[in-house]
Amino acid sequence: MADWHFHFAAPHWLWALLLIPVIAIWVRRNRPRNRDNRLEAYADPHLLPYLTGQHEQTPQSNNHILRWSLLWLLLCLALAGPRWDARQINLFTPGADLVILLDISRSMEVADVRPTRLTRARQEIEDLLTQNSGIAVGLIAFGSIAHVIAPISEDSDALLNRLPAISTELLPSQLQGSRLSSALEQAKRLLSAQPAENSRSILIISDGDFADTQLIEQLQALRQEEIRVHLLGVGTPGGGPVPGAHGQRFMTTSENRVINSPLDEVALEALAEAGGGLYQRANFKSNDTYALIQTITANAKTKALAQETTLIWNERFYGLVILIMLWVIPSFRRTQWAQNQTARELGK
């Protein structure tokens, strides 16, 4: 269905056209008086304005005012956004719901992957949201306790804006460790509020080493409820020392030994198998998040929202922008030529 109704997307820019008569009146009122003709004995007429600092209103200067007024008119019309010829389309809702569980325990500050595991995890979430197609996403950050950062939504930009603020400082320093059970329960509650016909998934981003027991049984129960659990491991098997808190360089044991935190891939793979999902290790490429998206959306079906439509307008401002560019760009060359010509005249 087409709609040929012409209108402006931002009509408030048209108020800027009022500057044209204001500037024209100002130029006219500030036009200098006739010069004493005796000055012409000292220099050529076209050089006098550069010597006296005054410019007479000439037919050429009038043409300049007219030309720049027309240019301002075209610019304001382009900024106002002329549009017509709209298409009416049906709205769709994603057929897949995903809750991301991001580990923010102290071990995620280990720098065995640069710059840190947590920074890499945020980058992986950005990749997933950028590649996302047909998935509504929510986010929970967890350590010793779980925080809902964002509910399940199709607004990826809002979630991207919140990512930089997620750090290990969200957890009290006296409460450390990764406890996944409560985060899984909160994810289950978020997913239960979504349409029953949607495919439901959980993605855990962590380095492993969970303090919970009975995780295998909990994931198997989620699988029975048709909630698939996927794992994305961040780190290296060799691991690295865990940064300390309150000025302490590294965390240590009671025997004053530096605590080393490796990526526990064996445990993560076992959790993915119990949850009926996929395990991937995070890397610098986008193939890890792409594989997860393909798995999550494999059985998802987008569906149209009943009687809800929107209009997609064909924007026409670009025609005016092209016209302005074709007009303005040659003027730079003419201005440079005029300056060089004036310099040669003054040098004689």
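I started with T289, which is buried at a relative accessible area of 1%. Buried here means under 20% relative accessible area, exposed over 50%, partly exposed in between, with a 1.4 Å probe and protein chains only. This is a predicted model, where local features need pLDDT of at least 70, side-chain atom pairs count only at pLDDT 80 or more, and totals for chains, interfaces and linings use all residues. Residues are numbered from 1 along each chain as its sequence is written, and side-chain values use heavy atoms, with hydrogens and water left out.

I placed T289 in helix 9, residues 287–296. Helices (H or I, at least four residues) and strands (E, at least two) are DSSP runs, numbered from the N terminus. Then I listed the contacts (heavy atoms within 4.5 Å). Leaving aside neighbours within four places in sequence, T289 touches E124, D127, L128 and Q131.

Next I took the protein chain as a whole. I counted ten helices and twelve strands. Of its 348 residues, 37% are buried. Among contacts with a separation of 6 or more, 79% join residues 24 or more positions apart.

I turned to helix 8, residues 265–274. Its buried residues are E265, L268, L271, A272 and A274. Their cover includes strand 7 (199–206), helix 7 (215–224), strand 8 (227–233) and strand 11 (276–281). Just after helix 8, I noted a positive phi of about 70° at G276.

Helix 7 also packs on helix 6 (residues 181–192), at an angle of about 10° and with the axes 11 Å apart. Axes are lines fitted to C-alpha atoms, for helices over the stretch in contact, and angles run from 0 to 180 degrees between N-to-C directions. Helix 6 and helix 7 are therefore roughly parallel (under 35 degrees; over 145 is roughly antiparallel, 65 to 115 roughly perpendicular, the rest oblique). S181, L184, E185 and K188 of helix 6 meet L215, Q218, L219 and L222 of helix 7.

How many aromatic pairs does the whole structure hold? My search found one. F142 and F210 form a tilted pair, 6.4 Å centre to centre with 35° between the planes. Rings of Phe, Tyr and Trp (its six-membered ring) pair if their centres lie within 6.5 Å; planes under 30 degrees apart are stacked, over 60 edge-to-face, the rest tilted. F142 is in strand 5 (residues 135–142) and F210 in the loop between strand 7 and helix 7, 68 residues apart. Both F142 and F210 are buried.

Last, I checked charges over rings. R120 lies over the face of F284, 3.9 Å from the ring centre. The test wants NZ of Lys or CZ of Arg within 6 Å of the ring centre and within 35 degrees of the ring normal.
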